[in-house]
Amino acid sequence: MSHIATIKTEIKDLEAVRRACKELGLEFKENQTTCQFWPKEGVAQQQACTHAIGLPVNSCKMELGLLRNASGSYDLVGDELLMKSHTCKDGPFWLKHIMGRETNPLGKDFGRFIQLYGAHKATIEAQRRGWIVRRQEVGGKIQLSVTGM
Amino acid sequence: MKTIQIVIDETGQIAIEAVGFKGNACVAATAAMEKALGVTKASKKKPEYRTEDKTNISASN
């Protein structure tokens, strides 16, 4: 019998968050309870969070927040324009300057970050059980092949 | 060979498939992983080719 399940990723494991941040070149600021972003040009805003993530910036401080919710997992909070932008064409003018690159490394709706979190979390869980994990990326998707059970 | 295939798409949605397990062992193999990763939205079983049945048919012929 083979079994297929579809899962909506929930962010729960801070070690997996750390590894995703490292892979994206982001700074994980554990226990920092405010995060800063820019809802209006020239006007910084602080938002409450449980932990913060610093983005590689050239000229201003931009952060995401991880906010613990009622179920014990974390919601991502951050700049709405950043979240919706994938490339400089559809993003605010400051996107390229903030990230120093042409595309948003976090992905639209922070999808890339969540994807990497999922990959690292699955890897942690498999390796905890002594299983072997092989990872590859194909067509924008991350594939893990787990054996050894 | 028993394998668990995990595919994470660009939105972070995860598909897990356990292959090569007998009976309901596939469900047990992935249950803990599914719970650790998030909320299971959909789940289905696929019957695999049963080598035991084919062996019995050949022996009877």
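**Two chains in a predicted model**

Biologist: Is Phe110(A) buried or exposed, and how many other C-beta atoms lie within 10 Å?

Modeller: Phe110(A) is buried, because 21 other C-beta atoms lie within 10 Å and the cut-off for a buried residue is 20 or more. Please keep in mind that this is a predicted model.

Biologist: Where does Phe110(A) sit in the chain?

Modeller: Phe110(A) is placed in the loop between α3 and α4 of chain A. Asp109(A) lies in that loop as well, between α3 (95–99) and α4.

Biologist: What about the phi angles of Asp109(A) and Phe110(A)?

Modeller: Asp109(A) has a positive phi of about 55 degrees, although it is not a glycine. Phe110(A), not a glycine either, has a positive phi of about 60 degrees. As background, most residues other than glycine have a negative phi.

Biologist: Let me step back. How many helices and strands are there in chain A?

Modeller: Chain A has four helices and nine strands. From the N terminus, the elements follow the order β-α-β-β-β-β-β-β-α-α-α-β-β. Of the 149 residues in chain A, 36% are buried.

Biologist: Which strands form the open sheet of four in chain A, and in what order?

Modeller: The order is β2-β5-β6-β7 of chain A, and the pairing is antiparallel. The edge strands are β2 (27–29) and β7 (74–77), each of which pairs on one side only. From one strand to the next, the twist averages 25 degrees.

Biologist: Which helix packs on that sheet?

Modeller: Helix α1 (residues 14–24) of chain A packs on the sheet and touches β2, β5 and β6 (63–68) of chain A. The direction of α1 makes about 150 degrees with that of β2(A).

Biologist: How many bridges join β2(A) to β5 of chain A?

Modeller: Three bridges join β2(A) to β5 (residues 51–54), and these strands run antiparallel. One pair to look for is Glu27(A) with its bridge partner in β5(A), Gly54(A).

Biologist: New topic: the contact between the chains. How many residues does each chain contribute?

Modeller: Chain B contributes 41 residues and chain A contributes 29. On the side of chain B that touches chain A, β1, β2, α1 and β3 (38–46) each supply at least two residues. The largest share of that side, nine residues, comes from β3(B). Sorted by class, that side of chain B has 20 nonpolar, 11 polar and 10 charged residues.

Biologist: What does β3(B) pair with in chain A?

Modeller: β3(B) is joined to strand β1 (residues 2–9) of chain A by eight bridges, and the two run antiparallel. There, His3(A) has Lys45(B) as its bridge partner. β1(A) also pairs with β2(B) in the antiparallel sense, over five bridges. In that pairing, Thr6(A) stands opposite Ala15(B).

Biologist: Which residues of β2(B) are on the covered face?

Modeller: Ile14(B), Ile16(B) and Ala18(B) make up the covered face, whereas Glu17(B), Ala15(B) and Val19(B) make up the uncovered one.

Biologist: How many bridges join β2(B) to β1(B)?

Modeller: Six bridges join them, and they run antiparallel. Ile4(B) has Ala18(B) as its bridge partner in β2(B). The hairpin of these strands has five residues between them, and Gly12(B) takes a positive phi near 95 degrees there.

Biologist: Which residues of chain A does Gln13(B) touch?

Modeller: Gln13(B) touches Thr6(A), Lys8(A) and Thr9(A), leaving aside residues up to four places away in sequence. Gln13(B) is in the loop between β1 (3–8) and β2 (14–19) of chain B. Gln13(B) counts as partly exposed because it has 19 C-beta neighbours inside 10 Å.

Biologist: Last one: at what angle do α4(A) and α1(B) pack?

Modeller: Helix α4 (residues 111–128) of chain A and helix α1 (residues 25–37) of chain B pack at about 140 degrees, with their axes 10 Å apart. That angle makes α4(A) oblique to α1(B), and their crossing is right-handed. The contact is made by Gly118(A), Lys121(A), Ala122(A) and Glu125(A) of α4(A), together with Met33(B), Ala36(B) and Leu37(B) of α1(B). These residues divide into four nonpolar, one polar and two charged.

Terms used. Residues numbered from 1 in each chain as written. Chains lettered and ligands numbered in written order. Predicted model: local features only at pLDDT ≥ 70, side-chain atom pairs only at ≥ 80, totals over all residues. Pairing = 2+ DSSP bridges. Axes fitted to C-alpha atoms, helices over the stretch in contact; angles between N-to-C directions. Contact = placed C-beta atoms within 7 Å. Buried ≥ 20, exposed ≤ 12 C-beta atoms within 10 Å, placed from the backbone. Parallel < 35°, antiparallel > 145°, perpendicular 65-115°, else oblique. Left-handed = near helix turned anticlockwise from the far one by under 90°. Nonpolar A, V, L, I, M, F, W, Y, C, P; charged D, E, K, R; others polar.
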